[in-house]
Amino acid sequence: DYSINPPGTAKNVITVGAITYTASTYWEENPFGIAKYSSRGPTSDDGRLCIDVVAPGGSIDGYNFGVVSTEGQYPDPSNHPVYEKGLWSYNTTNDGLYQLMSGTSMAAPHVTGILAKMKQWYPNIHSELAKALLINTTIPLKANSSNALAGYANTQVGYGMVNGFSITSYYPGESKRVLFAEATVTEDDKTDEFTFSVPSGTKKLAVTMAYNDQEGEASSSHALNDDLDLILISPNGTQYRADEHKASGLPSNWTESPIEKIVIENPLSGTWKAKIIFSSSPGFDNMFVYAEQRYGLVGHAILKKPDLNLSISQSTINVNAGQDFIIQPIVKNIGGYIAAGVTVKVTKTQGSGNFSGDINISRYIGNLLHQNQFISPQINLKAPITPGPYTLKIEADGINNEFGNNNYPKKKYVTVNV
C-alpha cells in the first residue's frame with residue numbers, strides 16, 4: 001500500500017517489517033500474521049520491492065503481547081499498570097527496567113542481532129554477501145506469495161521471516177549450503193559462472209544474489225544504475241531468470257532491486273550452474289568511469305519439508321464443575337527442517353457452559369527445528385460450573401507457507417464430562 005517512508009525506501013538497506021508473534025484476543029490478530037502497524041511496500045516512486053524481511057514485533061497491545069525491551073522511565077516498576085503480570089525485572093547493570101513493547105522498532109533489532117552473529121562467524125564478510133545469506137535463509141510464510149521463482153516475495157512481508165538458526169547452523173540430512181561466494185563483475189568481464197551440486201531428494205533449491213547499487217539521480221524513475229541478473233541453469237539445460245518473475249503486489253511498471261532470489265521446488269539432482277550477468281551500467285558508456293560491481297551469492301538445498309502431527313493421550317476427561325484441569329497435547333514436526341511459529345489453540349465446540357483459562361487463545365509454543373522434534377505444552381483450563389458433556393477442539397498450526405492448505409490447522413477433539 002506504498003506506506004513505507006525514507007530511509008526504509010533506500011535500495012541498499014535492509015528494510016524490516018513486523019509480524020505478531022502471539023495472539024491478542026482484543027485486537028483479533030493472527031499469530032505471526034503481518035502486524036497492523038507495519039508499513040507495506042512497494043516504493044512509491046519506482047515500484048520496487050520493499051519490505052525485504054520481517055521479524056517478530058509484537059501485537060498492537062504491546063504491554064501484553066510485545067517483545068521484551070529495555071525501559072528506564074519507571075524507577076519503581078510497581079507504579080506501572082502491567083507490574084502485576086510479572087513482566088518487569090530490575091536491570092542491575094544500568095538500573096533500568098525491561099518492558100514489553102511492540103513495533104517495527106522491536107522487529108529490526110532481531111535482524112541486527114542476526115547480522116551481528118553473522119559477523120562474528122564470518123569476520124571478513126562484506127555487506128553484499130551478508131544480505132544474500134540473510135535473504136536466502138528466510139522462512140516463507142503463509143502471508144508470502146506462492147511464486148517460488150520470485151522467491152515467494154511480496155510487498156507485505158518481503159521474502160519472509162528471518163531465520164537466525166540457518167545463518168550458521170543446520171541439521172545433517174535436512175538442509176545443506178551448496179553455494180557461498182563473493183566476487184566482482186566488471187565492464188571487461190561481465191559474466192561469472194559457478195557450478196554446484198544439488199543432492200537427490202531436495203525439496204527446495206534457494207539461491208540469492210545481492211549487491212549494493214551506486215547512487216542514482218534524484219530525478220531518476222528507475223531503481224537501478226548497475227543491473228546484475230541471476231540465472232540458474234539445471235542439469236538438463238533449463239534456465240531460470242530472476243528478472244522474469246516479479247514479487248506479488250508490484251505494479252506493472254515495477255523496477256528491479258539489487259536483491260534477486262530464485263527458489264526451485266523439487267529441483268533435478270546433479271550439477272547446476274549459477275550465472276551472474278552485468279547487464280547494464282551508466283559506466284559502460286562513460287570513458288571516465290570504470291564500471292564494476294561486487295556481489296554476494298548464496299545457495300541452499302532444503303532436503304526436508306516441515307509437517308506437523310498433533311496427538312493427545314486423553315480422548316475423554318472427567319472433572320468436577322469449576323475444577324482446574326490440564327490438557328497436554330504433543331505437537332511434533334514429522335516432516336523435518338524448520339516448523340516455525342508453532343501454536344496451539346483450544347476452543348469449545350459443544351456444551352452450554354463456559355471454560356476459562358487458556359481457552360480461545362492461539363498460544364505460541366516454539367519452533368520445531370528438525371524432524372521428530374516435539375513440544376508438549378501444558379494447557380490450563382477451568383471447567384464450567386454447568387454440568388454436562390462438552391467437546392473441546394485442539395488445533396496446532398505453524399506459519400510456514402507449507403502449512404497454508406486444507407490440512408491445517410491439525411485438529412483433535414476431547415470430550416470433557418463435567
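Helices (H or I, at least four residues) and strands (E, at least two) are DSSP runs, numbered from the N terminus. The model on display is predicted: local features need pLDDT of at least 70, side-chain atom pairs count only at pLDDT 80 or more, and totals for chains, interfaces and linings use all residues. Residues are numbered from 1 along each chain as its sequence is written, and side-chain values use heavy atoms, with hydrogens and water left out.

**First stop: two cis peptide bonds**

Select Tyr 408 and Pro 409, where the peptide bond is cis with omega near -5°. Pro 409 belongs to the loop between strand E23 (389–397) and strand E24 (410–417). Then move to Pro 6 and Pro 7, also joined by a cis peptide bond, with omega of about 5°. Pro 7 sits in the segment before strand E1 (16–19). Most residues other than glycine have a negative phi, and most peptide bonds are trans.

**Second stop: two asparagines with positive phi**

Select Asn 266, in the loop between E11 and strand E12 (270–280). Its phi is near 50°, a positive value in a residue other than glycine. With a relative accessible area of 60%, Asn 266 is exposed (buried means under 20% relative accessible area, exposed over 50%, partly exposed in between, with a 1.4 Å probe and protein chains only). Next select Asn 372, in the loop between strand E20 (363–368) and strand E21 (374–375). Phi of Asn 372 is near 70°, and this residue is partly exposed at 46%.

Show the open sheet whose 4 strands follow the order E6-E13-E8-E11 with antiparallel pairing (two strands pair if DSSP finds at least two bridges between them). Strand E6 (175–186) and E11 are at the edges with a single partner strand each, so one side of each is left without a neighbour in the sheet. On average, neighbouring strands are turned by 10° against each other, direction ignored. E6 and strand E13 (residues 292–302) are joined by 11 bridges; Ser 175, for example, has Ile 302 as its bridge partner in E13.

Helix H3 packs on this sheet, touching E6, strand E8 (204–211), E11 and E13, and its direction makes about 25° with that of E13. Such angles run from 0 to 180 degrees between N-to-C directions, with axes as lines fitted to C-alpha atoms, for helices over the stretch in contact. Contact means heavy atoms within 4.5 Å.

Ala 247 lies in the loop between strand E10 (239–241) and strand E11 (259–265). Is this residue buried or exposed? Ala 247 counts as buried, at 7% relative accessibility. Leaving aside neighbours within four places in sequence, Ala 247 is in contact with Leu 49, Ala 150, Ala 153 and Asn 154. Leu 149 is 98 residues from Ala 247 in sequence, and the two are 9.2 Å apart in space, C-alpha to C-alpha.

**Last stop: the largest cavity**

The largest cavity has a volume of about 170 Å³. A cavity is a set of points on a 1 Å grid over the protein atoms alone where a 1.4 Å probe fits but cannot get out; lining residues have an atom within 4 Å of a point. Grid points are joined across faces, edges and corners, and a volume is the space filled by probe spheres set on the points. Select Tyr 159, Ala 242, His 245, Trp 254 and Ile 259, the closest to the centre among the 17 residues that line the largest cavity.

Terms used. 1 Å grid on protein atoms, 1.4 Å probe; cavity = no way out; pocket = protein on both sides within 12 Å on 5 of 7 lines; lining within 4 Å.
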